[in-house]
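My entries follow the order of the search.

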Amino acid sequence: MSSKRKRADVNKNEEILTSGVDLFVDAPADEEDASENSDVDDQDAKVGEGSDDSDSSQYSELEEEEEDMSDESCNEDGDESDDEDSSDEEDNDDDDLVDTKPTMLFDNDDDLADIKPIKLLDNDESKPSASKVNFDEYAEDSSDEEDIRNTVGNIPMEWYKNFKHIGYDVEGRRLIKPQQGDNLDDFLNKVDDPNYWRTVYNKLTGQNIVLSKEDVELIQNLQRKKHPTLANEEQYESWVDWFSSEVMIHPLSNQPEHKRSFIPSKWEKLKVGQMVHALKMGWMKPSKPDDEKDEEEDDEPNFYMIWNDDDDSEMNKRYRQHIPAPKTSLPGHAESYNPPPEYLLTKEEEERWKDKDPEDRRVNFIPKKFPNLRTVPGYSTFIQERFERCLDLYLCPRQRKMRMNVDPEDLIPKLPKPKDLQPFPTTQSLIYKGHTGMVRCVTVDPSGQWIASGGDDGTVRVWEVSTARCLKTTLVHGGGKVKCIAWNPNPAVCLVAVVSDRSVMLLNPGVGDKLQLSNTDTMLEQTQPVDNQDAKVPVAWNVCEGKEFEAGFRLNLSHGHDVSQVTWHSKGDYFATVMPQGQSRSVLIHQLSRKRSQNPFSKSKGIVQCVRFHPLRPFLFVATQRFVRVYNLLKQELSKKLMTNCKWVSSLAVHPEGDNLLIGSYDSRLSWFDLDLSTKPYQTLKHHKKAIRQVCYHRRYPLFASVSDDCSIIVCHGMVYNDMLQNPLIVPVKVLRGHTPEKDVGILDCVFHPTQPWIFSAGADSTIRLFT
């Protein structure tokens, strides 16, 4: 049906309802008219639900039900006249239909609004029956809401979505769903119905209920957080002042006192007489003063029952608190009359025993051997020992020790299972072979595709991670040992810093993107050294030429002492070197873009072991043998001094976020520092049996590892939370083995893969191993 037709039907129903003429229902004259009227009624019922006035929908539904009721009544009349002819029955039925007078359903619109548009359907029938439902009854009854209410209770009404009924009434009959309009009907109601804004949908009955003014006012009060009272109701009761604040001359009650208030009581006189008679007869004895009671208690002996179970007695409580005396130790073999030969003292031991003071002697007698028990003399120190025992029992104080029954497993902190903390390296995947001596250092490029290693054979080797193939081997000038190697963390530059003896050489490995390699060489060539180089800094920047250039070396920084370590800043422009024997020049900072070096310290604070840059802030961590100092390079001052609680620091690692620190030592201690918490270790781990050589953090995953001379790699889960109130979670998850010791040296270096949970280890057995 089109929208125009619906609007026309709505206007038609409004005219019928708003007119002052009474509403009548006539029976259809023939079957065609009945079918047409039923179709029109169905359409009117559908339109009426979405129209402005809810009375039209109610009228249309009641008209349908009245027709059904009339049809059923006709059928019942036909059943009673079974003996008559069928033709006569049809004539009588037609006469009944024609002669039926129009019945007035409602006097006005108010009666129409009282009827709820709910049809009742019996459980055994598919359509409503007039014998079961009497709408005249509901029209006259004032409690129709209670009779037709839905009794399904507090259940999801979606359960009745696919059924024709919406629930059951009090008598168990089905409640038919009222027909709902579509979106167009809802839009028409929204435009034309002035009460649309306060119309709510009742899910329990499927009706649209218009809220009254009192209901709207009550809801508004609740929304404004006011007391849910209406305007015509009083929130507080009026105060009735029973006693005024004014002082009155006459009291409220001027009743005189009763006579019994000043006449002696007759009943009290009888009670006193009974007590006097009891005292004369000796049945009642007067109570004695307190002084006489104390004298009698002192004269009587204080006896008590030993085996009495009376818990209230004071002596019984004292007996329960009694602490038994410690028992004397039983005699040993030395006190026997026939002791074993090893318990007998020699002459030298007897002389030494006699020379000692009695307090220093281990035993207070000399063991002696007798052939039989008959020859044993009397014990000469028997009385003295008994007397000392009595002194011990009398003079030595005793106290009860309360032992706590604690389960040892409850004292161990509950840590998560390692399976829940994956991923972390678990198995050995690849072995990189090629070095002829100890592999002292290993480093990974920022992309994670290549690794570089150096060892005692004086070579620097570049490997492909995925295939363990050696791509390039470079011999260091002079053939010295390669002590440390570090790849530049800047992905735009391909440079490797190599430490050998007193030189720090910058190597272009020649692997990877050719454009990146050429840009690196161009950047180094365009960089000019600074003229105002500090003369106190013993570093000379030399450009490599000839065979060294062909081998890949680009710059050579010559130092005054042997260099032990080199480390890069996170941006890749600065790097620091460590000379343990350099005194005040132990730590030097170099700038690659300007080719200059500087000494940040003027005094030596001890033998420097290693240094690290802070990944985010301008801080420098300097580790000596027993302390770690944190310097602010911008302010040029000491920021913190950490107490390592170890004898000799061997390695240092900084968390990628910079707030936590990891320290390994040669005395097998691994210390975790929380810089925001304290200057002392947050947690100290003693998992290794030998010296720890290196520690490292993973850049992405919450993992850290340590390697030791016991040829083990211990991988731990170290989660650092953003919440400042939550401490870091440290859980050891895996122990990796595979290296073999050489000359009591195990694993010398380790480094994590930049993107994967893999770890590389360099050992004294001339191999590099990858654990994934």
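Predicted model: local features only at pLDDT ≥ 70, side-chain atom pairs only at ≥ 80, totals over all residues.

**Entry 1**

Residues are numbered from 1 along each chain as its sequence is written, and side-chain values use heavy atoms, with hydrogens and water left out.

Glu171 is the salt-bridge partner of Arg173 that I checked, with the closest N and O atoms 3.3 Å apart. I took a salt bridge to be a side-chain nitrogen of Lys or Arg within 4 Å of a carboxyl oxygen of Asp or Glu. Glu171 counts as exposed, because its relative accessibility is 63%.

**Entry 2: further salt bridges**

I searched the whole structure and recorded nine salt bridges. One of them joins the side chains of Arg469 and Glu464 at 3.6 Å, N to O. Arg469 is partly exposed at 48% relative accessible area, whereas Glu464 is buried at 16%.

I then examined Asp765 and Arg769, whose side chains meet in a salt bridge at 3.4 Å, N to O. Asp765 is buried, with a relative accessible area of 13%, and Arg769 is buried as well, at 10%.

**Entry 3: a nonpolar patch**

Which residues form a nonpolar patch on the surface? I listed Val240, Trp242, Phe243, Met248 and Leu252, which together have about 700 Å² of accessible area. Patch residues have over 30% relative accessible area and no salt bridge; like charges are joined within 9 Å and nonpolar side chains (Val, Leu, Ile, Met, Phe, Trp, Tyr) within 5 Å. Accessible areas come from the Shrake-Rupley method with a 1.4 Å probe, and for residues only the protein chains shown count as cover.

I located Phe243 in the loop between helix H9 (213-223) and helix H10 (266-281). Phe243 counts as exposed, because its relative accessibility is 64%.

**Entry 4: a serine**

Is Ser650 buried or exposed? I recorded Ser650 as buried, with a relative accessible area of 13%.

Terms used. Helix = DSSP H or I, 4+ residues; strand = E, 2+ residues; numbered from the N terminus. Buried < 20%, exposed > 50% of the residue type's maximum accessible area, 1.4 Å probe, protein only.
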